[in-house]
Amino acid sequence: MIRDDAHPSAHKIRPRHCDRLAVVYVRQSTPQQVAGNRESSDLQYQLRRRAVSLGWAAGRVVVIDDDQGLSGASVENRPGFQRLLAEASLGHVGVAFGREMSRLSRSCKDWYQLLELCGLFQVLLADADGVYDPTDPNDRMLLGLRGMMSEAEVHVLKTRMHQGKLNKARRGELFTCVPVGYVRSPDGGIALDPDEQVRAVVSLVFDKFAELGSLTKAHAYFAANDVQLGLRVYKGPGKGRLEWHRPRRSTLYEMLRHPMYAGAYCYGRSPFDPARRIAGKPKSGRWNAPPEEWVCLLRDAAPAYISWERYEANRRRLAENDRGPGSKKATGRAPTLLNGIVRCGRCGRPMGARNARASANPWYVCDWEFHEYGGPRCQSLVAAYPDKPVESLVLKAVEPASLELSFRTAERVEQDRERLHAIWKQRVERAEYEADRARRQYDAVEPENRLVARELERQWERKLAERRRLEEDYDRFQAAQPRRLDASDRGRIAALAADLPGLWHCPTTTGGDRRAIVRLLIERVDLTRDGESERIDAAIHWRGGTTTRHEIRQGLRTYRSLGDLERLRGRILELRGAGWTADAIAEALDREVYRAARSDGFTGHQVRQLLARFGRAGVPAGIRDSTDPPGTGEWWLPALAAELGVKPIVIHRWRWSGWLHARQLRGENGRWIVWADADEVDRLRRLRTFEIESRGRRSPPAELISRPERTGDPGRTTRSPSGGE
């Protein structure tokens with residue numbers, strides 16, 4: 001080993017340093033620098049000879065070049081620098097060489113971490129100018145300054161390059177990669193894709209979204225009809241080559257949001273935010289900025305597929321459809337009809353749908369004050385009551401146009417099929433071209449050159465098979481969806497248009513479809529509930545400026561909130577005083593359009609409950625009978641309950657369900673008598689045992705709930721399960 005003792009920094013090198021490894025760290029920031037700037041790389045590799053001249057054996061010099069093509073702005077994703085830190089912390093390194101300090105790190109945080117580690121384990125740092133000892137105060141200060149200058153230098157370079165990029169972007173000339181359906185023109189601008197099929201599919205994306213009104217439905221349409229997007233390879237050896245892929249939902253979403261399709265150039269749609277960056281994901285940290293925060297937006301700077309007004313309408317529709325995480329907007333399967341257009345008639349704020357799921361009882365609630373300040377809710381009402389009259393009004397409004405709708409539907413179906421047929425013809429035409437091109441390549445090769453001819457022959461056969469497969473698929477598509485509708489298809493469309501209620505309630509019609517139709521006709525609905533009563537005032541604002549008002553009545557949980565309770569009380573007592581039975585009173589109230597609290601109509605049981613509330617229980621005078629004691633095989637209901645060891649309410653529940661024979665006496669108390677001979681008592685015992693063991697999770701078998709034929713006293717009259725008077 002020959003040591004250069006004449007070097008000015010030779011006195012800093014101790015035997016303990018030479019006993020360890022000399023590490024040469026090699027790095028360049030980008031792959032372009034590695035491939036093009038070979039001199040810088042060669043100068044860094046020459047540091048191995050520098051280490052040997054300072055006293056290290058050639059076998060003890062290690063080169064770490066794992067970070068070639070990686071930026072030094074951070075220690076993340078730099079395995080070479082992390083390896084250097086690990087070796088230094090293990091005490092294996094005596095000196096670390098770098099052509100410049102910026103090669104080791106461009107970050108003061110990482111640089112000072114390296115200095116602390118080298119000072120702790122007595123590791124020297126060396127570059128082209130000298131050798132530095134981190135334990136020496138003067139060298140430590142100099143190294144600190146070098147690190148600060150290195151970090152400042154990279155910020156200056158980044159700022160200079162960023163300002164130049166922004167200046168070019170403000171002129172509308174900065175492009176990274178162009179959207180689907182566009183290509184870079186030879187003059188450096190942007191142009192529509194020259195391929196006719198690519199342009200046709202891109203136009204179909206916007207047309208289907210405008211027709212269906214939903215990204216999910218448009219994506220499902222593309223998947224169902226096997227329509228593919230033509231994408232250009234934007235980097236690599238095949239740059240510019242056209243490839244066909246199934247459309248991803250995210251791709252269609254980005255196309256609908258991109259202003260380039262409306263002829264506008266923009267820059268700054270997805271700025272980088274370091275706070276959003278996720279460790280281990282180099283491409284993370286970008287977010288979708290609102291239009292007002294974009295760097296520039298130049299209208300009419302590129303060829304357009306759609307107008308600017310249509311682009312803004314698409315963005316609004318996407319925002320309306322986007323439920324987002326935790327959103328309480330109703331899904332397409334929800335039963336509510338007025339989501340998004342119903343407002344509170346008291347305060348004017350939007351009313352939200354709560355429990356808006358198919359298995360729940362949805363409500364429209366104005367609870368902004370409650371959620372924001374913890375105050376009281378403004379008003380709430382059951383969604384089904386305003387939805388039903390609005391549904392009827394909408395169907396009535398579109399009924400005169402049903403014939404015209406059928407004609408337009410048939411015309412649109414034919415236009416849609418015509419576009420699909422055109423796309424299929426283009427696919428077949430492209431397959432024929434590819435097969436013909438493969439044939440020409442095969443014909444151009446010398447027959448004797450079998451090494452090349454065999455591969456070209458295989459390629460030709462593959463292209464022929466692909467063309468044959470597409471032709472067969474196109475034939476099947478033509479058979480399933482011909483260009484023109486026949487008479488039977490037009491007849492079915494006309495029948496559906498004539499039966500609008502049936503089409504509306506069809507299982508294939510989703511809640512989203514119904515809400516979309518309502519929004520086409522109605523701008524908003526203002527609902528005002530009269531206190532806590534059943535009366536609701538609905539103001540429907542139709543598109544076009546017309547406003548209609550309707551009075552709606554909803555069911556209530558209790559009669560205390562009923563608006564015409566006093567009138568109802570007077571009518572019930574009047575009919576009872578005239579000798580009417582409860583069932584007859586219920587029928588009369590329904591005919592006179594009185595509202596029941598918990599249902600759409602009155603029943604005899606409800607009337608009896610109201611009579612008990614009003615203090616007039618029992619049967620009317622003039623039709624009372626004497627007590628009719630139990631006959632053969634009959635029990636007083638409480639006695640049978642005691643015999644079975646159950647509460648009387650269990651017997652009543654079986655009676656309501658129609659599982660046993662029972663009758664009610666026409667007396668003041670209306671006592672119940674149940675028929676149950678020995679076999680019947682045994683059946684009821686087994687029924688109760690099953691209910692206890694199953695805990696309501698299973699329905700009783702038929703043999704336990706089937707009511708047998710009554711025996712013992714056929715002369716008695718068996719009352720219905722609901723009772724009577």
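What share of the contacts in the protein with a separation of 6 or more is accounted for by residues 24 or more positions apart? The share is 62%, where a contact means heavy atoms within 4.5 Å.

This is a predicted model, in which local features need pLDDT of at least 70 and side-chain atom pairs count only at pLDDT 80 or more, while totals for chains, interfaces and linings use all residues. Residues are numbered from 1 along each chain as its sequence is written, and side-chain values use heavy atoms, with hydrogens and water left out.

The protein has 26 helices and 21 strands; these are DSSP runs numbered from the N terminus, with helices being H or I of at least four residues and strands E of at least two. Of its 725 residues, 40% count as buried, that is, under 20% relative accessible area, against over 50% for exposed and in between for partly exposed (1.4 Å probe, protein chains only).

Helix α8 (residues 137–170) supplies the largest share of the patch, 3 residues. L145 is placed in helix α8 and is partly exposed, at 44% relative accessible area.

E634 lies in strand β19 (residues 634–636) and is buried, with a relative accessible area of 10%.
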